[in-house]
Amino acid sequence: MSFFFYPKSVAVFGSFKRGAIAYEILRNIVEGGFEGRIIPVSLKGGTVEVAGKTFEIRERLDEPVDVAIIAVPANIVPALIDEIGPLIRGAIVISAGFSEAGNIELERELVEKAKKHGVRIIGPNCAGIFGVHGKFFGSFEVRVRPGGLALISQSGAFGGAALAMGNEEGVGFSAFVSYGNAADLNESDFLEYFADDENTKVIALYIEGVKEGKRFMKALSYAASKKPVIVLKAGKSASGAKAAASHTGSLAGSYEIYRAVFRQAGAIEVEEMEELFDAAKAFEMYPKTGKRVAVITNSGGPGVLATDKLEKLGLEMAELSEETVQKLRSFLPPQCSIKNPIDLIADADYERYRRTIETVCRDENVDSLLVICVPPIFIPSEEIAKAVIDAECNKPLIVNFMAGELVRDGVKLLEEKGIKNFPTPERAAKALKWLSLR
């Protein structure tokens with residue numbers, strides 16, 4: 001399916017009036033820097049100007065392209081697929097009004113026409129796709145920065161919100177796909193594809209329900225054997241399951257069955273959107289870790305909160321070796337607490353943080369480090385961020401700089417070096433929990 005995410009040519013069908021869906025998708029493709037051929041198609045013809053470029057709108061597609069993006073009324077989509085089928089490899093059907101609205105026969109006809117020509121379909125009733133490393137933004141959702149997360153979403157609106165939240169959280173994406181009604185390609189196809197995509201480090205999946213249970217379990221197991229798969233399941237409650245059925249026409253089924261499948265396949269289930277991105281951030285940085293954690297902080301309270309959360313999650317506070325304790329005592333002020341969590345006290349500077357991180361990292365009893373910084377107004381957060389960056393440590397290091405404006409510049413410096421910040425001790429602790437599950 002690489003032609004979907006790394007296409008060399010695309011045709012967009014629909015209205016190109018400013019604000020129309022087809023226009024917005026065309027604008028996203030152009031502004032996103034797509035380097036292949038772009039062909040707008042509408043029976044009205046004419047021209048359209050987007051991002052300083054003028055395109056001729058063709059009345060019909062008259063040359064082969066990899067992908068067609070279709071945003072026309074649902075009732076004419078099957079005939080359009082039949083017409084352009086010999087010229088395309090895949091179609092992304094944005095149009096709604098199919099099985100989710102009770103028009104099951106119309107959706108069946110769409111699939112039949114596509115199969116007749118060997119065309120693969122994403123959708124209908126979807127928000128489109130991104131192939132971020134291919135500079136292909138075939139959706140009307142907000143564009144994202146390149147990275148390692150592939151987001152598969154049954155819901156287009158959830159996907160759009162998640163992309164925006166990912167931008168806020170500093171997450172980089174390899175791809176995004178909203179697959180809607182899954183009339184042809186579904187979550188299992190995308191799990192298998194991204195499992196083998198070299199630009200994808202971690203897969204996030206939002207599902208309400210699946211249509212092919214056995215195939216889903218096989219695909220999920222395959223993907224989870226290759227890279228981390230984070231799952232957010234909606235429709236867990238009875239009312240939520242009914243809502244999911246009316247949303248995309250999928251049966252949500254028993255949540256207990258889904259939960260068992262996730263565990264058996266080796267996927268990591270999260271409860272909230274925030275957790276999905278925290279897990280993705282952790283796996284973008286590190287493949288896995290053990291359960292023994294050392295906490296380094298300049299404030300006792302957040303250190304205690306982190307300790308409570310780590311132990312509640314089933315992780316262990318690492319027992320520092322005597323050699324490590326003696327080394328820390330040799331350079332830390334006597335007021336500092338050498339026990340884990342290690343409290344460097346409020347005036348901890350670059351040197352104190354860097355030396356402590358390096359010393360603790362060398363301890364064979366430590367699998368990972370959680371570094372907390374609540375900077376006083378007389379020590380810039382960038383100074384502590386630089387200590388984290390410069391410290392020689394080959395173990396997973398999760399950072400919690402708090403809070404808000406006080407640490408903004410430090411967090412920016414960390415992110416420039418690929419180090420993600422977790423804004424609370426509890427979220428940082430959860431990140432280590434997810435890493436320990438691999």
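Student: Which residue in E12 stands opposite Ala150?

Tutor: Ala150 stands opposite Ile203 in E12. Please note that this is a predicted model, in which local features need pLDDT of at least 70 and side-chain atom pairs count only at pLDDT 80 or more, while totals for chains, interfaces and linings use all residues. Residues are numbered from 1 along each chain as its sequence is written, and side-chain values use heavy atoms, with hydrogens and water left out.

Student: How many bridges join E10 to E12, and do they run parallel or antiparallel?

Tutor: Strand E10 (residues 146-153) and strand E12 (residues 202-207) run parallel and are joined by five bridges. Strands are DSSP runs of E with at least two residues, helices are runs of H or I with at least four, and both are numbered from the N terminus. Two strands pair if DSSP finds at least two bridges between them.

Student: What is the strand order in the sheet?

Tutor: The order is E9-E8-E11-E10-E12-E13-E14, seven strands in an open sheet with mixed pairing. Strand E9 (136-139) and strand E14 (268-270) are the edges, each pairing on one side only. On average, neighbouring strands of this sheet are turned by 20° against each other, direction ignored.

Student: Which strands does helix H9 lie across?

Tutor: Helix H9 (residues 255-265) lies across E12, E13 and E14, at about 175° to E13. Helix H7 (residues 213-226) lies across E12 and strand E13 (229-233), at about 140° to E13. Angles run from 0 to 180 degrees between N-to-C directions, with axes fitted to C-alpha atoms, for helices over the stretch in contact; contact means heavy atoms within 4.5 Å.

Student: Changing topic: how many disulfides are there?

Tutor: A search of the whole structure finds one, a disulfide being a pair of cysteine sulfur atoms within 2.5 Å. Cys361 is joined to Cys393, with an S to S distance of 2.2 Å. Cys361 is in helix H13 (residues 350-361), and Cys393, 32 residues apart from it, is in the loop between helix H14 (381-390) and strand E19 (397-401).

Student: Why is it right-handed?

Tutor: The torsion about the S-S bond of Cys361 and Cys393 is about 85°, so the disulfide is right-handed.

Student: Is Cys361 buried or exposed?

Tutor: Cys361 is buried, at 4% relative accessible area, whereas Cys393 is partly exposed at 24%. Buried means under 20%, exposed over 50%, and partly exposed in between, using a 1.4 Å probe and protein chains only.
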